[in-house]
Every structure is written in structure tokens, then in C-alpha cells.
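Here's a walk through the fold, one packing arrangement at a time. Have the model open and follow along.

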Amino acid sequence: MTPLLSVENLSIGFGNGPAVVKDVNFQVAPGETLALVGESGSGKTVTCRAVLRILPRIARIHSGRIILNGSKGQQDLTAMTERKMRTVRGDTVSMIFQEPMRSLSPLHRIGNQVSEVLWLHRGKTESQAKKTVLETFERVGFPDPERAYRSYPFEMSGGMRQRAMIAMAMVAKPDLLIADEPTTALDVTTQAQVLGLMKELQRDTGMAMILVTHDLGVVANMAEQVVVMHKGRVMEAGPAEPLLRAPAHPYTQQLFNAAPSIPEVSAPAAKPPEQDLILEMKAVSKTYKLRASSPWKPETLVHACRGVDLRLPRGKTLAIVGESGSGKTTAARIALGAEQPDPGSQILFRKSATSEPIAVHQMDRAQRTAFQRDAQMVFQDPYSSLSPRMRVLDAMTEPMDIHGLGSRSERRDKAAHMLQQVGLNSDMLKRFPHAFSGGQRQRLSVARALMLDPTLIVCDEPTSALDVSVQEQILSLLEDIRDQHGLSYLFISHDLAVVARIADEVAVMRQGLVVEQAPPDALFHNPKHPYTKALIAAQPTPDIERPINLKLVAQGAGDPDSWGDRFRFSGSVLPSLIEVEPGHKVRCHV
Amino acid sequence: MDILRYVIYRIGTMLLTLLVVSVLVFIIINLPPGDYLSNQIAELRASGQSAGVAKAEFLRTEYALDRPLWEQYMIWVGFMPGPHGFSGLIQGNFGWSFEFDQPVSEIVGDSLWLTVLVNMAAIVFVYALALPLGVMAAARARSWVDYTSAFIGYLGLATPNFLLALILYYYGRKYLDIPIGGLMDPAFEGQPLSWEKVKSVLLHLIVPTIVIGTAGASAMMQRLRANMLDELGKPYVETAIAKGMAPSRMLTKYPLRVAFNPFVADIGNLLPSMVSGSVLVSVVMGLQTIGPTLLTALKTQDQFLSAFVLMFVALLTLIGTMISDILLVMLDPRIRYEGKKA
């Protein structure tokens, strides 16, 4: 069978620099899914964009051919004129991008943007195209296609926007769909549903797909063919099944080992509850008021946190897991005193086992300053949490500067020491953050958090913005430092697999409530709550034997009204958190 | 329906603002000690012309200048009956100019609409020039189109307006036979509107429009270019290209629509800066706009005249911002829906 797309000896460089894609070859058969796998900087995105020739202006295709054997006959995409190329884009080959939030124009209605593909390639008017677009909207799972047609992107959630993007890519029934990290920016449950949808659509229409991803779990669930790229070269290529069962190339093996997954565990032994708590949150609630649209309508109340009780023992890690909007970050901000909770909430902090607890939200000025030294934070995005205009040395010594600690040379020595602690060289102090990679920057953030010798660190999704292999390194680093310095972590994440490794206790949050809480072993061995089950089921694992169970995902990730009777939030009566076995609490009716 | 409600709301706030502005204008005008008439009376007394003094004293009572300041204000605006009953701004009586010894409405009558005309022409010029050039400079960033338009733009910004006026008049006269000075041929002044008169006005408008508009156009072009460049890097532009859109259509439909917002928001600032900024140019070019009148009125403490002109400029500003606000609401659904989403 002739391949639908064949990429032959493709080399691409930027300007006069060395090639970033070197001698890449692969073929995509009709109806097949090929996964391009690699870390950032591997050249996978440049390769897939070269197919449609949407490359940055300075990129040059040095050599190679890209041949498309679509419904319009054989075409050499590298030799085509720009004008002819436009008839391929969106029609024979279409593309979905990583960030659904920003890939749609904020000022045009979804219907307009999607049906535009048909005006361009089928010469239809807006009213003629509408019927086809509405059918496509229904197909990609919009409950009310008419309404979606009239909506603006900002009225939709991330998952819905990605569905709209998929509809846009599918509406002209292309032969090939290129998806560039289509689910990386989505919550794990939404990711599972979007992947499921893409697979289903592919089965129905028989189109081929190139899936660009860094996640081997996604690959295992979607692909028939795999191409592993590293530094612009193909490391390993072949059918998915044998490759995933026994990766031959050491780099692929390395990727495999780094891929986080939820361990299969046996029943854990119950542990006695800890007595020495560094942080205790009691009945913490936070309600935001949203301004009403008109003065005579009541204000809308948003319950970001509802009666959250959490206890963090000294030297341990407590993880809060949930999707965006679940209230996990609000809870962490309240714990740090960065946000005022509703009255009746209590947060107690004990600096050491023997010291008196202080209420975080009733501190005086001196206590607050002392508390800020004890509690530090590591942020999600290492690219924006370091000032690009400050040298590493200044960024690192600034906390000591603010608290008036040490002399200049002492601060400097401490910064150098901390850099070594996180695995960087002390001669990097003079550099600016742009000289560091994402993983190195996150190390810098950790080092900065350590400068004040804190006892408690809040980690807000510290690895979500990083590649899997780097994620693995940062997690090890965090573990080492915790054990070395006797730190306690409050760890926020949307990813159960990350948490599985580092946490001593996991609290799963949904809509401001803790729905299930247990040590990770107990949680993964015997998840009780439908939402926890959905989170676990939605986690893509690099194991073709364990595909995502979409049914479980759909059951748990939906509206709380769709949960079983035992777990349903009926009206204003919420089920309470009940200890079903020692140390394992579930929010359910008895 | 929502937009209609917003327009009504905006007009309401505009009227309120205008009221506050009138108080401020009145206070500022009365800040310097004395007024036109007391200055004149002092001068007449010194030179011993008692007849003139009597007339000035008469005018003082006639225009209620002998009353407390707040009463003067109320009479001026028309909230309180003056010596001749209710006769203030809201009744359409703009007051008396002592300097020119004429009602204010007669002095400003002609120059009012000429001011509006010149400024409208300049604004149309600014937008007509800045829009295509800004988009082109962004789409072809760091190419000769970009550099050339930037060069001309900076030249326009850096050249003093009156110098530009003189240069354009000289060469316009020499090569294109463009008339110098004024806004119409003197023969048409005071004549009823005719086709010939309109033609003369249009011909006289060419140079002032360019002179007043160039600096604004080059500043706006650079702003639009910067906005467009920001937008061109956004993922939705890539999406549009991946759809197979032609570059020109893609540019105008997507990034331009987003980059347009600050462009529209500028209308409000453009109107007043053109009135006050064009005073010097008007003097040099002999344009009968309101700018030079304002200057004389302020110098001589001709309070009703200057107050009226200041109110007029304020009104232009407010109308300008109102127009840009309403346009923004119509153009940008994010602004339109902001209240609803909550």
C-alpha cells in the first residue's frame, strides 16, 4: 500500500545555524496513527509543522522531501508554491494545536471560525456551511450545537475549546490530521475524554493522524506507529506494540523509566496517626463573591473551599490532587496566609514539635515575618517565576536581603551552597535565568525557596511545565532535600502519578471539597470515590495492556449529580467525610 | 438592545461629567485676580475717561459680575435667573465677549464648524494613513517597507508643525498651485454655501490636514505596528494559516481585529489634542479655527469667551471618548459580555 505521507531525509535548520531536524524519515499509512515522541527541543514540533510548512520565518528546509498521497493525487509538499499549499492546509491536511485557550481568535464566534474552513475550501457561504458545522459539533460532543455555534471561545472551558478545534480540523474531512500536543494543557480527565473522541473520529472517518507528544502514556493509548526523536534525530521507530513492550534504544528506555505511572500496589498496612503536626487546617472554607451583572440580581457565591480539614505531619508530604477549579490552589494559598479564609476556619502552624502552635491568620507583624521565613513556595512555571532581569545571585539572595539576614559574603556563600545542593554549579550565580533550561530553572526555584532554611514548603504543581525525564529528576531532588533538611511539603498537583511517588498522604479535591483522603497505597489499591476512580482511570500509562477506561472516566469526572446514590451531592445536603478503614476517608452517605 | 442601553448609560455619564467640567472651568477662569471689566475700569479711571467707566459698570451689573462667584456660575450655566431671567449655556446663550464687544456665539460661530471640519479631516487622514501603513509595516517587519515607513514616520514626528506648514505651502504653491493660508478664498467669506465655495474650502484644507495629521499618523502607525507584531505571534494566527487562509485575508480578519482595540480607543485622545495642539499651526497658517480665539480670550481674561471655548473642547473630548467606548463595546465581545459572565 502506498503511504499517505512519507517524509524523506528531512533536515531543517534555523537561519544559518546547525540543523535542528536531521535526516528524518517516516511514513504514515492511510487511517493509521503515528506518534512523534520526544522531549522539548527534540525537533518533533518543527518536523510536524514542516508538513504544512508553517514554520518560523527563519527556518529553512535544508534537504528532504515530504510526499502526500491524498485524495488529490501525489503532491510534493516541499516543492509546492505557497498558493497551492493553501489548498492543502485545512483541507487535505489539518492541524490541532497545544493551547486551546489561545488557538482560537477571542473576537470571533466559534461557528464563524469553524465554518470558515468550508468557505475557503468548498466555496460555501456561511449559511450553506452551517448545517455541516452543526453536524460536526454534534459529533465532537457539544450538547447544544446551535449554542456552541454562537459562542465566543472565552465562554467555554478548555476541554470544550479543544473540541471546537477538533471540529475545525475535522469539518473538511481531511486525509491527515496533525495534532501537536493536543491534550498537554488539559486536565487528566479531560485529556482522556478528548483522546477518546479523537480515536473514535478516526475510526469513523478513516483519516490518518500524526500525534506529537512527550507522553508515552498517550502514545500507548493512541498510536500504531511510533517515532522517537531526540535532538533532531530519529532514535527508534516502528510499530507501537513491540516498541512499547521492549524498547530497544537506550533513550527510549530512559523515557520509559521516567514516565510517571500509578503503581500497582498491594493492600497497605495501616499506620498509626502522626502526632507531631507541622500544619493543621481545620474547617477551612473560602467563598468568593462574583459581582452580579445588574444591581438588582444577587451576587453569585463561589465556594472555592468547603470545610477542608488537612493535617500535615512533620517531615512528611501531603498532596492535594484535583482538576483546575477544584480549590487545591486556594487551599494552599490559605495555608500560607496569602489568602484570608472565611470566618470559622483555623490554620495552625507549629515551628517545632515542642513550640506553641500559631494561628496563621491571627499573627502579629513579627510573627508573620517569622512565619514567612519558615514557609516558602515553589511555583508551577519556572519560566515566569524568576525575573528575567535579575542575575541568579540577586534572585537567590533577595529573600535574605528582605529579612536582613547575614552579610553580603555570607549570603553569597549560602547561595553558592544551595546551588550545589540542587545539583547546579556555584559559578552559575552570575548568569541570568534565560541561560537555563526549564529543569534547571525549577532547580533554581527550589534553591531560592531553601535560602531561608524553611521548615514547610508549598509546591504548586512544580513539575507540570516540565518534560517527563526532567520531571523525574525534580521529584527526586525534592525527595532528597526533604529528607536531608527535614522539610515538610504541601504538594499541589493535578497528576496522580506524580503524587503517587512523593506523597505520604493524598487528598483528592473536587468542587472545593475533599472527596477522598488516604495514603497513596490505600488510595491506589482500593479507590472508593467515583471521582478518584476516574482520575486513576484517566491516567495514561505507557503500557498497551492498560488502556484508559473511558467508561470509568465518564462516570466519575462528570457532574456530581451523575455519581452513584452513595456519593451524590443531593441539594444542599453534602455527604460527610467518613473513615471507611483506618486512615482512608471517603465523602459518602452511610 | 444591550448596546442601546449602554449608549444611553454613556450619554448619562457624559452629561454628568460635563457638569463637573463646567464647575472646574469656571473656577480655573476665575482663579487669576480680577476680571476683564475690573481691569478695564482701573485702566479707564487711570486715564480719566469716566464715560467709559460708566459703561463698564453697566456691563458689570448686566452680566452679574458683581454677584458672588457661585451665583455667577449658576447664572452662566442657566440654573439661576440672571438680570434678564434664565439665560445661560443650557438656554443657548453663550455670553458676551468683552474683548470683541460681540456675543460669543457670533465670534465662535464660523470658527466652530471650521474647527470641527479641519479636525475631522485630520483624523480621517490619520486613520487612512496609519491603518494600511501600520499593518504593512508589521506584516513585513524588518524589511524595507517597515524601515521606510518608520523613517518617514519619525521625520513627521520630529519636524515642527509650523515648519512643515511653511515648507508645504512653499512647494505646494510652486508646483501644484495650492493656495496659501486661510480656509477659503477671501471672496467666499460670508457668502452662502455654494459648490464653488466647497471646492475652495477643500483645496485650502489639503495642507492643514497634512500638517496637523502627520505627527498623529506616524505615532499611531508605530502603535498599530507594535500591536500587530504582538498579535502575529499568537497561536490563533497559526490556526488561521493552518486552515489555508490567504495572508491578506488572514491579517485583516484576525490579528487586525484584535490590534484594532487600542487604535479605536485613541479617538478620544485625538480630538482634544488636535484642538489645543493646532493653535500654533492655525496662527501660522491663518486658519480661522477656535484655537487662536481661545489664546486671545485667555490672555485678556475675556471670561465668557474663554469659558465657552474650554467647554467646547471638553465636549469634544467627551464625545470622542464616548464614541471610542461605544465602538469598543461593539467590536469586542469580551468587553460586551464581561458583566454577563459573572
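Strand β4 (residues 59–70) of chain A pairs with β5(A) in the antiparallel sense, over four bridges; strands are DSSP runs of E, at least two residues, and helices are runs of H or I, at least four, numbered from the N terminus. Two strands count as paired if DSSP finds at least two bridges between them. Look at Asn69(A): its bridge partner in β5(A) is Gln74(A). Keep in mind that this is a predicted model, where local features need pLDDT of at least 70, side-chain atom pairs count only at pLDDT 80 or more, and totals for chains, interfaces and linings use all residues. Residues are numbered from 1 along each chain as its sequence is written, with chains lettered from A and ligands numbered from 1 in the order in which they are written.

Zoom out, and the pair belongs to an open sheet of four strands in chain A, ordered β2-β1-β4-β5 with antiparallel pairing. β2 (19–28) and β5 (73–76) of chain A are the edge strands, each pairing on one side only.

Now hop to chain B. The axes of helix α2 (residues 36–47) and helix α3 (residues 50–62) of chain B come within 9 Å and cross at roughly 165° (axes are lines fitted to C-alpha atoms, for helices over the stretch in contact, and angles run from 0 to 180 degrees between N-to-C directions). That makes α2(B) roughly antiparallel to α3(B), the label for angles over 145 degrees. The contact (C-beta atoms, placed from the backbone, within 7 Å) involves residues including Leu37(B) and Ile41(B) of α2(B) and Val53(B) and Leu59(B) of α3(B).

How values were computed:
Parallel < 35°, antiparallel > 145°, perpendicular 65-115°, else oblique. Contact = placed C-beta atoms within 7 Å.
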